[in-house]
Structures are given as structure tokens and as C-alpha cells.
Amino acid sequence: MTINRRDFLRIAGLSAVVGVGAPVVINNLGKAGLEAAQIHPDPRALKGKRWGFVVDVSKLATDEDYQKCINACHDIHNVPSHKEPRHEVKWIWKDTYEHTFPNTAEDKIMNKELQEKNFLLFCNHCQKPACVRVCPTKATFKRESDGVVMQDMHRCIGCRFCMAACPYGARSFNYVDPRKDHAIKVENKEFPTRMIGVVEKCTACYERLAIGQQPACAEASNGAIVFGDLEDPNSEVRKLIAEKYTIRRKPELGTQPSIYYVIGGGEHA
Amino acid sequence: MLEKALSGSNRYWAWIFFLLAVIGIGCIAYWKQLNEGLGITGLSRDVSWGLYIGQFTFLVGVAASAVMLVIHNYLHDFKKFSKIVILGEFLAVSAVIMCVLFIMADMGQPMRVANILLHPTPGSIVFWDVVVLNGYLLLNLIIGWTTLGADRKGVKPPDWVKPLIYLSVPWAVSIHTVTAFLYAGIPGRHFWLTAVMAARFLASAFAGGPALLIILALLVRKFSKFDPGAEAIQAIGKIVTYAMFANVFLLGLEFFTAFYSNIPGHMHPFHYLYVGIDGHTKMVPLMWLSSILAVVALAILVFPHLRRNESILAFACIALFSSLWIDKGFGLIIGGFVPNMFEGITEYWPTLLETLITAGVWATGFLILTVLYKVAIAVREEDTAVEH
């Protein structure tokens, strides 16, 4: 078969139109879908003005209890695990009392049980988040509707200012490609994986809230993590805060963290 | 005027090609970083800024220091500076370009850096830093190029450049103040959360930048027929001395507040930097070297008769510049991250690739500086020929 000049140009032109045009059309269809989803939110979606957590560590006894919460989060969010500690990415993790509340770490004669207790740490979804204040691109922002501190991994330029600013060490940076070297054991196709050079963190399972599910860690915690609306006086979190003695991490910094810890530690505490 | 940079001695070309080679190696290292991510550096989850941001911060100071010459020349009408001021302006140009390159090197997604302008966020200090740094670069390029061009033609600089010169004075202060605000407004980083940060930045800038300028002026005199003027060099020496004393004084204030208040979080970064914590002592030798160099430099500079000897002055300036380079280009950043937010210790040390990229950026800065100085010197040499 021979192709003359005119036919060649025709085929080339047509391929170009399809090649360039198709993604545009598909992208726009995608966009229309997104807007439709916003106009018709899932009726099951959880609604709250300011989401928060009460973490009762007295209900977390064994290492397994902690690990269940951590795995529940890290598995569904495709959080990579790297061998090199410097490159660690974590959304929720376990740490000691001294590390969780470093301003109280100078006390050498405190309750041993409490001192040896481990805590679950994740993003505090602060009411006045320092990370949002410093972000130069609004890649991290506080959702006005429910107070969740979000992270747009597609807008993030990887300047890591938010990591310097977060007083809770809640943020991780993708120093290496999370999609390589089997860093993600089993990929959850429902949630995006990330690329190198962007910051990520806990986003309060916004994708689960949108379809009426509790955050994964709360669901896996056997009642140790209670999730709810801090603005609603009748919510379970507010009732727990009213009943029990709770503390927050670094409240003196004025960030208004939204995780309240019930520390337990002895009958009279 | 740029054509004047295209003719030079063998030594000039050897220097240019040496710089190009260092830039080339830096580019190869950067290519690796671009493909594999910042994992090739020594940075970590706990120490998320390091050498790049340190060098950026230090060089903003070098850039800002040009104002010390501008003030004396244009505001105080101290005409001894009229010949040397161009060296300050061109040093500022190359320093700001290095700043921009270091910021780019530090970005996880450099291709997206335009997002800062596409989604301007006035609440973020980074936004303002981008604005003031680029503005300062433009100001110095325009002022330097125009005044030098007028000089070459043997006429006075055009009138419109005067307001720009006056504007460049507060602008220079602004670039370093805004850069200090990157750090001084962060809750929870005790080492950075200090009201004197901007003042300290300016003091160290007005010591370190002019010290570098003295070294450069002496080199210019040695390798060309252009003499920036012994009196001007002495006057800058005086500026360096005052500014360095102010800087050390401000550092002393930090020590007082941290240790007299006895607040653990405030003391820990100083402990880590100067004595180490729990056997983590990577920074200790460097910080003491910086302190010793500062003391040596000041011990020399404080005596006018020592300062008047240009060899001794040059030595003191090298010591002072090195001291500040360690303190501000490295220690300042690391002290903010160690101990981390959990009062734990993760140490940082730059990798070879990171160091090569850093060297590449410095070489780029020196290449720009060399070319600009070559042009300035050629014009000045013509002037001298005309005068005699």
C-alpha cells in the first residue's frame, strides 16, 4: 500500500485531533462528574462543623491494639513503608508519653504507668493550623465546612514549610518515590498513591466521611478513638470531654488542636 | 557592555572553565535529585530543611549588604564609595540569583513552583519573600547596569535611576527581614521563635556581606588595574567591625534568654549545637569553629592599626565570613530542627550529592559575579586611562 502526501497529512491530522482532543474531552467529563458529586452529595455523608477526636489510651492495652489502628489507616491510604528511617512516611503512629507531651517530660517522679504508656499520634486538625498559615500555594488548607485540614498533593510544591511549622510533627515528605521498591505492599485502588517531592498527612478520612463512614482508625480502635463534632454539645466527643479529664498536645501554642487525650493512669486520675 | 566579558587573559578563562566544570558536576548531581527525589540528600522527616535552605538564608544576607555601600555613597554623599558601590550591587545580583537557585534545589516539585504566583497567598511569608527577592534582583540589575553604562559614556546617570537607588535601601532591609520572618513566626520551634531574629539577620548580613566585599575588592585590585580605593576598603572594614559586634551581642542575648529563663525547650537547641545531647555531637566542632573564628576576627578588627594592614584585614574578613557561613548557613537551620517536635534527636549531615549541588550553585553565582565584575572592571579601567 502506498500513501500519498495528502493522505498522510490527513491521517496525521486526524490522529493529532484524536490524540490531543480525547484527553481534553475525558478530562472535562471527569470535571463534570466532580461538580455533580458536589451538587448532589451522598445522603449518607457525615456532617459536622468541626470534626475532632477523643483518644482514650486506657483502652489501648497491647501493641496489637495500636497496630490495628495504624494499619487500618496506612493500608487504605497507600502509606508507603521505607527501609531508610529518614524517609519514613506516617499518618498515625505510636509514641511515648514523653514524646507526646514533651513539655511535661522533665518530671522524673511521675506516675510510672503513665510514663510508660504509649499514645496514638496523628494530625490534630487544628482550628488555627500553623501549617495552613505558612503554605505558599494553599496546597494545605482548612475545609471551612467541617474544619478538616486538607492536603492537595497535586498542588504541593514540596517546600516543606508546613513540616517546619507543624508543632506536632504530623507531616511526612516523599523523599523517595512511594510507588517504587514495593514500598506500598498492597495498593488500594480507591485512594491515590503519591509521587516524589510532595508532603502528605492524615486528612481525617475525608473520603470515608463523604460516604457516611467513620475514620478508619476510629473504626478499628474498639472504642479507644471516638470521632465526632466538637461544635455539637450533644456529640459523643463532647460528652466524653465533659465527663473525663482530657489533655491536648501543646495547647500553649494557640493552634487549638482537635485531638483530646483521656490519659487514665490510676483509679483517681 | 557584556562583550567586555568575552576578552580576557588565560587566567580569566581558566577560572571561567573551572567554574563551568563545577556547575556541570552540580547539574549532573541535580539531575539525579530531580529523578530520585530529595532522598539523595541527608534530609529527613525530622530535619526537613538543611544545607540548601541554610545557604539561601546566608546569601540573602550577602545580597542585602550591598545597601551599606549605597547608603554611604548616595545618602551620606561619601564619595570615596563611588567606585566600589558597583561591586556591591553586582555582588547583590549574583547573591540573589544563588538564593533563587538554592530555593529551586530545595523544592520537592520544582516544576510546580509557579503555583506560588498562580495561587498567591499573602498570608504566607514565602509569597512575600518571592516578591521582595525578585524585586531586589531587578532593582540592583537596573541600577548597576544603568550607572555603569553612564559611567562608560562619561555622563551622569539618568535622573530616573535616583528614586530607584533610594528605594533599594529599605528594599534591602526588607529582603532580610522577610527572610527572618520565615523562621521567627513559627510556633513550637524554640530556636527560631525570637523577636531579635530579624535584627540578628541584619547584623550578621552587614558584617558578612561587606567582609566578602573587602576580600573581593582586594582581589580586584590584585588582578586588574582598577583600584576600588584603600579608603573605601577601610571604611567598609569599620562597618564590618560594628556589625559583627552587634551580631555577637544579639547572639549573646539569645543565650541569656534561653539559659536564665531555664526553659528546657529554649535551652535544648543550644545544648545540641554547642555541647551535644546524649552523644549526638555532629554539630559541636563546627559551632565551636564558628565561635573561635568570630572571636579571632573581632580581636583583630577592633584594633584600627591592625585593621589598616590590608593583609591582616583580609585574614580577619575570611575568618569572619567563614564564621557566619557556618553559623547562619548551617547551624541556624539545624538548631531549629534538633531536637525535633517530640524532643527527640535525629541528626543531619549533607550527603556528597547534596554538597556537589551546593557547590554547583555557588559556582553559578561566582560565574555571574565574575562576568559582571569583568564588565565593571573593564569600564573602570577605561575611565582610569582617560583620567591620566
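**Close-up 1. Strand β10 of chain A, covered on both faces.** Strand β10(A) spans residues 259-262 (strands being DSSP runs of E, at least two residues, and helices runs of H or I, at least four, numbered from the N terminus). A:I259 and A:Y261 on one side are buried, as are A:Y260 and A:V262 on the other; buried means that 20 or more other C-beta atoms, placed from the backbone, lie within 10 Å of the residue's own. This is a predicted model, in which local features need pLDDT of at least 70 and side-chain atom pairs count only at pLDDT 80 or more, while totals for chains, interfaces and linings use all residues. Residues are numbered from 1 along each chain as its sequence is written, and chains are lettered from A in the order in which they are written.

**Close-up 2. The strand partners of β10(A).** Strand β1 (residues 51-56) runs parallel to β10(A), joined by 4 bridges, and strand β9 (residues 246-247) pairs with β10(A) in the antiparallel sense over 2 bridges; pairing takes at least two DSSP bridges. Look for A:V262 here: A:D56 stands opposite A:V262, and A:T246 has A:V262 as its bridge partner.

**Close-up 3. Helices α4 and α8 of chain B.** Helix α4(B) (residues 85-106) packs on α8(B) (residues 197-223) at about 120 degrees, with axes 11 Å apart; axes are lines fitted to C-alpha atoms over the stretch in contact, and angles run from 0 to 180 degrees between N-to-C directions. Meeting here are B:L87, B:G88 and B:L91 of α4(B) with B:L213, B:L216, B:A217 and B:V220 of α8(B) (C-beta atoms, placed from the backbone, within 7 Å).

Conventions: Buried ≥ 20, exposed ≤ 12 C-beta atoms within 10 Å, placed from the backbone. Contact = placed C-beta atoms within 7 Å.
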